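Morning, everyone. I'd like to walk through one protein today. Let me put the sequence and the structure up.

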Amino acid sequence: MSFEKLGLRAELLKALAQKGYARPTPIQAQAIPAILGGKDVLGGAQTGTGKTAAFALPILQQFSEMRAQGKGPRALVLAPTRELAAQVCDSFQTYGKRLNLRSHVVFGGVGINPQIKTLSQGIDVLIATPGRLLDLSGRRAVDFRNLECLVLDEADRMLDMGFIHDIRKILKLIPAKRQNLLFSATYSPDIKRLSEDILKRPEMIEVARRNTAAETVAQSAYQVQKNQKRILLSQLAQDGNWEQALVFTRTKHGANRLATQLASDGIDSAAIHGNKSQAARERALSAFKNRSVRILVATDIAARGLDIQDLPFVINYELPNVPEDYVHRIGRTGRAGKDGQAISLVSQEENKLLCRIEKLLGRKIDFVGDEKPFKANATHQPKTSRSGSKPKNRSTSKGSQSRQSGNRDGSEGGEERNAKPRKWNRGESNRQPGSRHRRRRPALSKNGGSEGGPKPPNRFRKFLSKRAQASAR
Ligand code: AMP
């Protein structure tokens, strides 16, 4: 299958060739003809499958063939976060640069007046986070009368972030007669309900089994105590000579703290989360993309939709409370058929979360090493951080299982607290993915296999050499 065969016009084909896309990805091969045929689409595509081009290309193609009737947008793309919205807009502008079409993005956290001005000048494709769109609509800055197409991108995340009410409000503002495209990496009963409400006789396109990660992502885990995680992470990054790793924490505060601690270990790091200004987020992201920062520590919502070319490592410094978030996180690596590694640092308290993730994936995630959980020896004690404070054992932190919730402007909600401390059932037995009981998992050897210490166990040696190969690539 080629892009030419999909009937795309020469201007789009040129842009695709310039991007280096040789052939359509499976979601593109299926969605482009359906969308060009005017159908509603329910796209069950995991992250990194090329779903943005799957809807952007046919929308641009259709609009380039028909003249606009007014100044209002003809397509509206709703996205959960500012970063994703900006990236989607970037894709529309890149693919459509030879067409006389205008694509713009609006999101919260930045001034509204320039957005009002841009909208008043006329627009073809509007990419928006739901809250800011409603604010703009409240100021009568958007004319929805010409709207022909609605795209809900990463709809599962929008629901997770509590945007359902905003989405329902927006649905009341836009013309009933329109084409609807809904894309979601995971498929929950809520998504099913939403799609039944919005889509009319949709073409169901699913390019991967639901709730799975890309096959190209190698998944592994370390059993490690909470207060040893940062030491293990520093060690892995340094031993493996990691050039780029996206590290997930559950809280904004945790992201800041970890980035500072890693920096004090000599690893250039930055944090990205919803409390940072848009400019600070963009600065951190571009430093990470141009590799002046090796580790980007992020919360789930801030990292959602980030497209970092050839990202080799995703680290779950803390497991997410919502198993679907695991799929989203590790989808940042192994994109567009490339290899990637997802490594989870799992404390005893998180074993149940791991079970839930494994249940969702329908597979086990192997632990690296064997016997005892990772324990740093004296040579691996972290240096004193710049602030002079040593990492504390916070294993008694309290908290709830609440999710991070989104603000209306596509930024993050309040600080999420850690999962409730749980007793570790020592007598747990080996179990199937998702079963309730878990045996003490094999874990990393004492020094994690670094130079000068006792030899790591076989499995871990293999893993180290694979990792070295991956980082050399
Ligand atoms: P997405 O799932 O839309 O976020 O896309 C994931 C990544 O795949 C992005 O970096 C795209 O630039 C890239 N991509 C999209 N379509 C193709 C294609 N046909 N061939 C190669 N890479 C692609």
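Burial to begin with: 51% of the 473 residues in this protein count as buried. Keep in mind that this is a predicted model. The secondary structure comes to 16 helices and 14 strands.

Where does L126 lie? It lies in strand β4, which covers residues 125-128. Is L126 buried or exposed? L126 is buried, because 28 other C-beta atoms lie within 10 Å, and 20 or more is the cut-off. Which residues does L126 touch, leaving out those up to four places away in sequence? P73, L76, H104 and V106. Look at L76 in that list. L126 and L76 are 50 residues apart in sequence, yet their C-alpha atoms are 4.9 Å apart in space.

On to helix packing. I have two pairs.

Pair one is α6 and α8. Helix α6 spans residues 130-138, and helix α8 spans residues 164-173. They pack at an angle of about 40°, with their axes 10 Å apart. That angle makes α6 oblique to α8. The crossing of α6 past α8 is left-handed. Who makes the contact? From α6, we have P130, G131, L133, L134 and S137. From α8, we have D166, I167, K169, I170 and L173. By class, the residues of this α6 and α8 contact divide into six nonpolar, two polar and two charged.

Pair two is α3 and α4. Helix α3 runs over residues 51-65, helix α4 over residues 82-95. Here the angle is about 45°, and the axes are 10 Å apart. So α3 is oblique to α4. What hand does the crossing have? α3 passes α4 in a right-handed crossing. On the α3 side, the contact residues are T52, A53, A56, L57 and L60. They meet V88, S91, F92 and Y95 in α4. How do the residues of this contact divide? Seven are nonpolar, two are polar, and none is charged.

The α6 and α8 crossing is left-handed; the α3 and α4 crossing is right-handed. The α6 and α8 contact includes two charged residues; the α3 and α4 contact has no charged ones.

That's my tour. Over to you for discussion.

Note on methods: Residues are numbered from 1 along each chain as its sequence is written. This is a predicted model: local features need pLDDT of at least 70, side-chain atom pairs count only at pLDDT 80 or more; totals for chains, interfaces and linings use all residues. Helices (H or I, at least four residues) and strands (E, at least two) are DSSP runs, numbered from the N terminus. A residue is buried if 20 or more other C-beta atoms lie within 10 Å of its own, exposed if 12 or fewer, and partly exposed in between; C-beta atoms are placed from the backbone. Two residues are in contact if their C-beta atoms, placed from the backbone, lie within 7 Å. Axes are lines fitted to C-alpha atoms, for helices over the stretch in contact, and angles run from 0 to 180 degrees between N-to-C directions. Angles under 35 degrees count as roughly parallel, over 145 as roughly antiparallel, 65 to 115 as roughly perpendicular and the rest as oblique. A crossing is left-handed if the near helix is turned anticlockwise from the far one by less than a right angle, and right-handed if clockwise. Ala, Val, Leu, Ile, Met, Phe, Trp, Tyr, Cys and Pro count as nonpolar, Asp, Glu, Lys and Arg as charged, and the others, Gly among them, as polar.
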